[in-house]
Amino acid sequence: MLEAIRAPRQVHVTEVGPRDGLQNEKVLLSTAHKAELVRALVAAGVREFELTSFVSPRAVPALADAAELVAELRDIDRVHFSALVPNLRGAERALEAGIDSVVLFVSASETHNAKNVNASVDESLASFEQVARRLEGSGIELRGAIATCFGCPFEGDVDVAAVGRIARHFADLGARYVSLGDTTGMATPPLVAERIAHLREVAPGVSPTLHFHNTRGIGLANVMQGLALGVDRYESSIGGLGGCPFAPKATGNIASEDLVYLLGEMGIETGIDLERMIEAAQLATRLMGRPLPAQVSKAGPRLALSDCAAVPTAKG
Ligand code: ZN
């Protein structure tokens with residue numbers, strides 16, 4: 001299987017539950033509960049987090065404690081914490097809080113970008129220059145995130161060239177990692193193949209990270225397509241938490257435990273212990289007070305066998 005699809009031997013899984021997962025939830029978690037969830041995921045072996053977002057607390061109340069959460073987790077070593085920032089002011093707050101990388105984000109669709117940050121795509125791109133200059137010499141890495149890369153809930157299809165142009169802009173600003181966000185779950189395997197091929201052509205210095213939502217049930221099929229193309233970075237949220245307040249019908253990210261299960265069964269190294277990740281998912285379920293969409297945390301690993309005597313035998 002691995003040989004047939006040339007999957008990478010090792011994959012980096014970035015946990016986005018604390019940011020993407022929580023920003024649209026009605027239940028607001030306390031800083032202490034968020035930190036408890038992050039620590040459970042670190043114990044499972046997760047080494048990269050998109051932890052929070054330094055946006056207006058009025059716009060996204062669930063992430064109003066960004067600086068407090070970073071402070072709460074300061075003792076954790078060898079784990080990369082990134083945060084989304086919309087502008088220079090957000091970057092200043094992130095720098096002050098002590099984050100490892102700043103993620104600048106823009107949508108490939110004009111309408112979604114206007115809804116999300118009230119700016120045109122070009123205005124967003126122009127504003128990134130200031131942030132890049134501010135980060136120079138700070139030791140803080142700059143990363144990029146592009147929303148609605150595979151389709152927009154308002155505009156429909158998104159031109160692959162629009163995605164490529166933004167990725168190039170990020171590369172010019174010094175970003176090595178650019179995440180391709182499937183904000184409302186419109187990605188399909190052919191679109192993934194087209195976008196990755198285009199990106200490799202126009203922004204060869206960029207290492208793409210794939211960020212799928214499971215809105216239409218094919219999130220992991222899209223991951224398989226990414227693996228077949230050798231993409232080794234994926235974003236997911238524990239339990240499948242998530243959505244987008246500025247996109248109708250947006251549902252959760254692909255679930256971290258479902259992703260880690262798939263990768264593990266394919267013999268791909270993630271450094272993450274599935275059983276411990278399932279424990280973290282159960283903690284997330286308790287904290288949110290509702291069942292989460294992920295499946296492996298409910299069914300267990302495939303060889304977690306049932307007690308045969310406990311199941312009645314069919315009669316007749
Ligand atoms: Zn997302």
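**Exercise 1.** In which sense do strands E7 and E8 pair, and over how many bridges?

*Solution.* The model is predicted. Take the two segments in turn: E7 covers residues 207-211, and E8 covers residues 233-236. Their pairing is parallel and rests on 2 bridges. Within this pairing, Leu210 is the residue opposite Tyr234 of E8.

**Exercise 2.** Find how strand E1 is joined to E8, and name the partner of Glu15.

*Solution.* E1 spans residues 12-15 and runs parallel to E8, with 4 bridges between them. Glu15 has Ser236 in E8 as its bridge partner.

**Exercise 3.** Identify the donors of the zinc ion, then decide whether His211 and His213 are buried or exposed.

*Solution.* Step one: the zinc ion is coordinated by Asp20 through OD and by His211 and His213 through NE2, at 1.9 to 2.0 Å. Step two: the sequence spacing of these donor residues is D-x190-H-x1-H. Step three: buried means under 20% relative accessible area. His211 has 6% relative accessibility, so His211 counts as buried. His213 has a relative accessible area of 3% and is therefore buried.

How values were computed
Residues numbered from 1 in each chain as written. Predicted model: local features only at pLDDT ≥ 70, side-chain atom pairs only at ≥ 80, totals over all residues. Heavy atoms only, no water. Donors = N, O, S within 2.8 Å, 3.2 Å for Na, K, Ca; no water. Buried < 20%, exposed > 50% of the residue type's maximum accessible area, 1.4 Å probe, protein only. Pairing = 2+ DSSP bridges.
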